[in-house]
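The tour below goes from selection to selection.

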There are 2 protein chains.
Amino acid sequence: MSLIVQKYGGTSVGDAERIRNVARRVASTKEQGHEVVVTVSAMGKATDELVDLARSVTAQPDPREMDVLLSTGELVSSALLSMALRDLGVLSVSLTGQQAGIRTDATHGKARISQIDTGRMQQELDDGKVVIVAGFQGITDEMNVSTLGRGGSDTTAVALAAALEAERCEVYTDVEGIYTADPRVVPDAVKLAEISYEEMLELASYGAKMHPRSIELAAVYGVPVLVASSLVDAPGTLIHGGAEMEVRNKVAGVAYDTNVAKVTLLGVADRPGIAATIFEPLAEVGISVDTIVQNASVDRLTDLTFTVARSDLTRALGVVRDIAKDAGAREVASSDNMAKVSIVGTGMQNAPGYASRMFRALFDAGINIEMITTSEIRITCLVSEDQVKDATRALHRAFELETE
Amino acid sequence: MSLIVQKYGGTSVGDAERIRNVARRVASTKEQGHEVVVTVSAMGKATDELVDLARSVTAQPDPREMDVLLSTGELVSSALLSMALRDLGVLSVSLTGQQAGIRTDATHGKARISQIDTGRMQQELDDGKVVIVAGFQGITDEMNVSTLGRGGSDTTAVALAAALEAERCEVYTDVEGIYTADPRVVPDAVKLAEISYEEMLELASYGAKMHPRSIELAAVYGVPVLVASSLVDAPGTLIHGGAEMEVRNKVAGVAYDTNVAKVTLLGVADRPGIAATIFEPLAEVGISVDTIVQNASVDRLTDLTFTVARSDLTRALGVVRDIAKDAGAREVASSDNMAKVSIVGTGMQNAPGYASRMFRALFDAGINIEMITTSEIRITCLVSEDQVKDATRALHRAFELETE
């Protein structure tokens, strides 16, 4: 009997009617002859409400206690789902992260799973039950409740699938799958039947519906992940690492990200170690620097531009202005209305012509490229925020993704 | 260093401001040099809201899952209280029922505590922390979450005090203590400085602020319990079993209860076993019968009257009508507008005159007594509901309780 792990997000369990709907889906999977392990997020805005509650008590909630508090959101939804399943006559049991054997490190608020003791789950499965695991949480070696932070429930689902050697992990959400571009921006965007872990990682980094962390985990353990809608019956997108992926040799999708700000140090002395001088202090205060471009040196002076998340810009400028003098910079300029647009596809690196085709399409659409970066399977252009949706549409057309 | 266990009810932790207020009280107890273990109820109406949520998913929530769901209410309040304490610079840790080592039987929804493994609590206390235990919950031998049912948090508090050999258990609520009568009915009712377990048991059965179950536990383990207000600073009432109690020889208070209905079987054949014929079927459907009075037999026929909780009357009549024929009863009569008024005091049994003084006072107030029952420390009269408050005031005056 094959085992399937299913994950339902907060929207999918947002109220009593939706929880009953999820129960019917789980029951149907069970009827098809599978063993089923389900993990759920907290209902709708429950987590936000718990955060607000903590903030109303203290400006700086203790991280350990915050985890105890936040973990209750998933306990509620998993208990309710189990009730709904039993109402349908399906044997089920809800388990806390601890009962499910999910051990984590002690980094409260963003703990990482260290191992999963599957004993209790296996025993409940052997008893013929659907096992419902509260997502997003685990237990530390000191027997304290921990939470996994952003993308936590997706990570729980993939980790359970890996530990239980499930046939597949199914992630149900409020979208029908992974598209060649954001359908709100590109009306003729097409749902992908499949995508590689690596491509999904690049897309996820730009706002697609799964956290990169859970996809990395799926890639490491080779867990196939199906992303589909909990609200409509339609085939989703299968994320996997099949060999056929490597020869696809085609753009899989166009992604964009508007959470981008740009900082430029003008007239920096071009001497060894200058990059470290600037970027180490940023790293120390926890600011991630994304794209970095350094111009060719003129008279031993250069301009150095990098991007950060828009929400980090003010803090980044505070740090950079302090060190700009030491670096001999003439001026620090910044802009917070930038965006990134990317094409993603396995095999692009080995097939020339993608980059030039991308640049040509943007030029034809009248869009100026400020910076360019590439990875093995991605080419990203920094453009003005007000042009990024046009850019996305232009690239979707140029690479004929509507015929996917 | 002496250890004190404190319990705060749902009203006392009803919002962020009240939680901060409780934190200040706990901090103050800690500053006075005590070790402190705190147990809390769920915030305000949180438990009711969780019950409503379950009912919106299914008409008959599974009891095991209901316990998982309900247990989250106390997890939330205990985590918030710990945050508030840390905000005051007081080291603290919130523990789930499981982490606090509270083992129970597997009767979900009304589990009974079987033992408490104090290891984790002791270790946290040794580390100088205030230990906050989620009330109302424990863990079964099968490692499932259980809840203790009505009066659960009070029971948690007393059980913790017994297991940790605390100096005292302090129960903070929205009243200032135990009064000689309900102050809403008797304006010159007086707060008692102390009361015996037995007296408190009788008063609690009639609606005073602690569940009888927790008082029984306190009596068995000899835990002194202070009942006081969490909102005002005033001495409360100490419930204990000191030797001086036994010779008080005085009425401690007047209690009343309006949740009373009366059922009478007229013309029952007075033969052996007739009572069992009637009361066994009631017990089988879980209806508690309170006072029972059987009239002297005339012509081998008797009238049999008993009281039940008003909410049980309809069910009780359904059962009784079925068996009335077998018992040869002429008629079944009932009344749901009855009430009980009681005087409670240690040593009454050994000092004559209390009963006659009670009956005289009620007669002088023009109140008809329908039935009478007594225990070692209590005399109860069944009266019409619309006269019970007058009866309470008359008895309070007659036994000069305003001069307590």
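A nonpolar core is here a set of buried Ala, Val, Leu, Ile, Met, Phe, Trp, Tyr and Cys residues joined through C-beta atoms within 7 Å. The model you are looking at is predicted.

**Stop 1: the core.** Select A:Leu80, A:Leu81, B:Leu80 and B:Leu81. These residues have the most contacts inside the largest nonpolar core, which has 228 residues. In soluble globular proteins, nonpolar side chains tend to be buried together. Leaving out residues up to four places away in sequence, A:Leu81 touches A:Val13, A:Ile19, A:Val22, A:Ala23, A:Val38, A:Val40 and A:Ile132.

**Stop 2: the interface.** Colour by chain. How many residues of chain B are in contact with chain A? There are 26, and they meet 26 residues of chain A. On the chain B side, the elements giving two or more residues are helix H1 (16-31), helix H2 (46-57) and helix H3 (63-87). H3(B) supplies the largest share, 13 residues. Sorted by class, this side of chain B has 15 nonpolar, six polar and five charged residues.

**Stop 3: one helix crossing.** Select helix H2 of chain A, residues 46-57, together with H3(B). Their axes come within 9 Å and cross at roughly 35°, and the crossing is right-handed. Show side chains at the contact: A:Leu53, A:Ala54 and A:Val57 from H2(A) meet B:Leu80, B:Met83 and B:Ala84 from H3(B). The residues of this contact comprise six nonpolar, no polar and no charged. B:Leu80 was also selected at the first stop, as one of the residues with the most contacts inside the largest core.

**Stop 4: the sheet of chain B.** Eight strands of chain B form an open sheet with mixed pairing, in the order E3-E6-E2-E1-E9-E11-E12-E10. Strands E3 (92-95) and E10 (194-196) stand at the edges; each has a single partner strand, so one side of each is left without a neighbour in the sheet. Neighbouring strands are turned by 20° against each other on average, direction ignored. Inside the sheet, pick E1 (residues 3-8) and E9 (residues 168-173) of chain B, which pair in the parallel sense over five bridges. B:Ile4 stands opposite B:Arg168 in E9(B).

**Stop 5: a residue in helix H8.** Select B:Ala283, in helix H8 (residues 274-284) of chain B. Is B:Ala283 buried or exposed? B:Ala283 has 12 C-beta neighbours inside 10 Å, so it counts as exposed.

Methods. Residues are numbered from 1 along each chain as its sequence is written. Chains are lettered from A and ligands numbered from 1 in the order in which they are written. This is a predicted model: local features need pLDDT of at least 70, side-chain atom pairs count only at pLDDT 80 or more; totals for chains, interfaces and linings use all residues. Two strands pair if DSSP finds at least two bridges between them. Helices (H or I, at least four residues) and strands (E, at least two) are DSSP runs, numbered from the N terminus. Axes are lines fitted to C-alpha atoms, for helices over the stretch in contact, and angles run from 0 to 180 degrees between N-to-C directions. A residue is buried if 20 or more other C-beta atoms lie within 10 Å of its own, exposed if 12 or fewer, and partly exposed in between; C-beta atoms are placed from the backbone. Two residues are in contact if their C-beta atoms, placed from the backbone, lie within 7 Å. Ala, Val, Leu, Ile, Met, Phe, Trp, Tyr, Cys and Pro count as nonpolar, Asp, Glu, Lys and Arg as charged, and the others, Gly among them, as polar. A crossing is left-handed if the near helix is turned anticlockwise from the far one by less than a right angle, and right-handed if clockwise.
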